Amino acid sequence: MSNPESFIDEVTEEVRRERLFGYFRRYGWIALVAVIALVGGAAYIEWQKSQDAAESQAFGDAILTALEAPDAAARRAAVAAIPAEGARAALRDLMVASDPAADRAASLRALEGVAANATLDPAFRDLAVLRRVILAGAEMPVADRRAALDGIAAPGRPYRTLALEQMAYLDVEAGKTAEAIATLRSLVQDQEATQGLRRRAEQMITALGGDTQAG
């Protein structure tokens, strides 16, 4: 005689198998759609990376071609005419402002545009602010220059030490020698300051009649 328990197990297993196949027939399309979405998403990401690389290369080639122009005015015009968006546009505008002797007004406009673009990385905006303050010089009131530098001199900002250096120069311009020396002395000890900046700070302290060491 056959084993009743074995028979029941076989029937139970067959029912489970049929139920599983039924689930596949009913819901298998969901898994198929998920697989297609994953594969399609990965393919799109790779395509986007390829497009970005191609656009970056084209932008770089355009910059190099523009820099081959025969004179400063032609180079500026060629760079300014390069179509770009986002970070590439910021780089283009910063390059337009890299030779202010050719067109100072155009350089200031380019820097103002980069500084005002809230969608850009802070590194681009802060650099534009710093360059604009330096380029504007005495044409911009001391209070306005200080206000602009205050925003990029906070801890963690990419050009903090350079902004502090410029603020020390503003103190010198305003006749606040002691404040300028204090700021420059702090830069001499600042681990984030470059060697070149530290040397400039020491030289300026000496020129102002101060001591590089706090005392």
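Q: Contact means heavy atoms within 4.5 Å; among contacts in the protein between residues at least 6 apart in sequence, how many join residues at least 24 apart?

A: This is a predicted model, and in it 45% of the contacts between residues at least 6 apart in sequence join residues that are at least 24 apart.

Q: What does the secondary structure of the protein come to?

A: The protein has nine helices and zero strands, and from the N terminus on its elements therefore read α-α-α-α-α-α-α-α-α. Of its 215 residues, 27% count as buried, while the accessible surface comes to about 13700 Å², with 59% of that area belonging to carbon and sulfur atoms.

Q: Which residues touch the most other members of the largest nonpolar core?

A: That core has 19 residues, and Leu149 and Ile152 are the ones that touch the most other members. Two or more residues come from each of α5 (122-136), α6 (142-152), α7, α8 and α9, and the largest share, five residues, is given by α7. Leaving out residues up to four places away in sequence, Ile152 touches Asp126, Val129, Leu130, Arg157, Tyr159, Arg160 and Ala163. Apart from this core lies another one, of 17 residues, which include Ala90, Ala97, Val114 and Leu135.

Q: How are two packed helices described, and at what angle do helix α8 and helix α9 pack?

A: Two packed helices are described by the angle between their axes and the distance between the axes. Here α8 (residues 177-189) and α9 (residues 195-207) pack at an angle of about 145 degrees, and their axes are 8 Å apart; the crossing of α8 and α9 is left-handed. On the α8 side, Ile181, Leu184, Arg185, Leu187 and Val188 take part, and they meet Leu197, Arg198, Ala201, Glu202, Met204 and Ile205 in α9. Sorted by class, this contact has eight nonpolar, no polar and three charged residues.

Q: Where does Asp190 lie, and is Asp190 buried or exposed?

A: A residue counts as buried when its relative accessible area is under 20%. Asp190 lies in the loop between α8 and α9, and because its relative accessible area is 15%, Asp190 is buried. Not counting residues up to four places away in sequence, Asp190 touches Arg160, Thr161 and Arg198.

Q: In which helix is Thr161 found, and is Thr161 buried or exposed?

A: Thr161 is found in helix α7 (residues 160-173), and with a relative accessible area of 9% it is buried. If its neighbours within four places in sequence are left aside, Thr161 is in contact with Leu187, Asp190, Glu192, Ala193 and Leu197.

How values were computed. Residues numbered from 1 in each chain as written. Predicted model: local features only at pLDDT ≥ 70, side-chain atom pairs only at ≥ 80, totals over all residues. Heavy atoms only, no water. Helix = DSSP H or I, 4+ residues; strand = E, 2+ residues; numbered from the N terminus. Buried < 20%, exposed > 50% of the residue type's maximum accessible area, 1.4 Å probe, protein only. Contact = heavy atoms within 4.5 Å. Axes fitted to C-alpha atoms, helices over the stretch in contact; angles between N-to-C directions. Left-handed = near helix turned anticlockwise from the far one by under 90°. Nonpolar A, V, L, I, M, F, W, Y, C, P; charged D, E, K, R; others polar. Areas by Shrake-Rupley, 256 points an atom, 1.4 Å probe, with all protein chains shown as cover. Core = buried A, V, L, I, M, F, W, Y, C linked by side-chain atoms within 4.5 Å.
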